[in-house]
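Me: I would like to learn how to read strands and helices in a model. Can you take me through one?

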Amino acid sequence: MTVQLNSFLMMNGNAKEAIEFYKEALDAKLLFSQTFGDAPEDSNSPLPENLKDLVAHAILKIGETNIMIADLFPTMIYRNGNNVNICITTNEIEKTNTFYNSLKEDGQVVMPLQPVHFSPAYGIVTDKYGVTFQIFTAKSEDAVKRGHQKEI
C-alpha cells in the first residue's frame with residue numbers, strides 16, 4: 001500500500017493564471033492539467049459552457065514537491081480558509097474508506113466518497129479541526145509513486 005499527502009490549492013476561477021504565475025515565480029513544471037470540460041458529460045447535470053474551461057485538476061512540480069491546483073467546483077463557494085486542502089492519495093479503496101470515515105467523524109462531508117471518472121473512490125471532508133482533506137484512490141500504485149502523471 002502506498003499513501004501520499006500533497007498540498008492542494010483551490011482557486012476561485014483563476015487556476016490557469018495561478019499556474020502560469022507559479023511556473024514563472026517558482027520555476028514550477030506543469031505535470032498534468034485537466035479542465036472540467038475534459039470530464040465525461042453528465043446528461044442529468046450538464047456543465048454550462050462558461051465553466052468547461054476551468055481547471056478541474058493540475059499538478060505542478062516545484063523542486064522535489066508536487067503541488068496540486070484546481071478551481072473550486074462550480075457548486076462550491078470560495079471563501080478565505082478553504083483554498084488550501086490536503087490531498088491524501090492511496091492505491092487501496094479500503095485505506096481510502098478508513099481515512100474518509102476517520103476524518104469525517106465530528107467533521108463535515110463536503111463530497112461523499114464515491115467513484116468518479118478519475119478514481120474508483122474520491123471524496124472531500126473537513127475534519128473536526130477545520131482542515132479540508134481530499135481523499136483520492138489512484139487507479140494504480142505506479143500513478144501514486146509518479147505523483148499521478150509525468151511532465152507535459
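**Strand pairing and helix faces**

Reply: Start with strands. Five bridges join β7 to strand β8 (residues 132-137), and the two run antiparallel. This is a predicted model: local features need pLDDT of at least 70, side-chain atom pairs count only at pLDDT 80 or more, and totals for chains, interfaces and linings use all residues. Residues are numbered from 1 along each chain as its sequence is written, and side-chain values use heavy atoms, without hydrogens and water.

Me: What counts as a strand, a helix or a pair?

Reply: Helices (H or I, at least four residues) and strands (E, at least two) are DSSP runs, numbered from the N terminus. Two strands pair if DSSP finds at least two bridges between them. Here, Thr126 stands opposite Thr132 in β8. The hairpin of β7 and β8 has five residues between the strands, and Gly130 there takes a positive phi near 90 degrees.

Me: Which strand is joined to β7 by a hairpin through two residues?

Reply: That is β6. Five bridges join β6 (residues 108-116) to β7, again antiparallel. Gln114 has Tyr122 as its bridge partner in β7.

Me: How many residues of β7 are buried?

Reply: Buried means under 20% relative accessible area, exposed over 50%, partly exposed in between (1.4 Å probe, protein chains only). In β7 (residues 119-126), seven of the eight residues are buried.

Me: Which residues of helix α1 are buried?

Reply: In α1 (residues 15-25), they are Ala15, Ala18 and Ile19. These lie on the same side of α1 because they cover an arc of only 105 degrees around the axis, taken from the directions from the helix axis to the C-beta atoms. Glu17, Phe21 and Glu24 are exposed on the other side.
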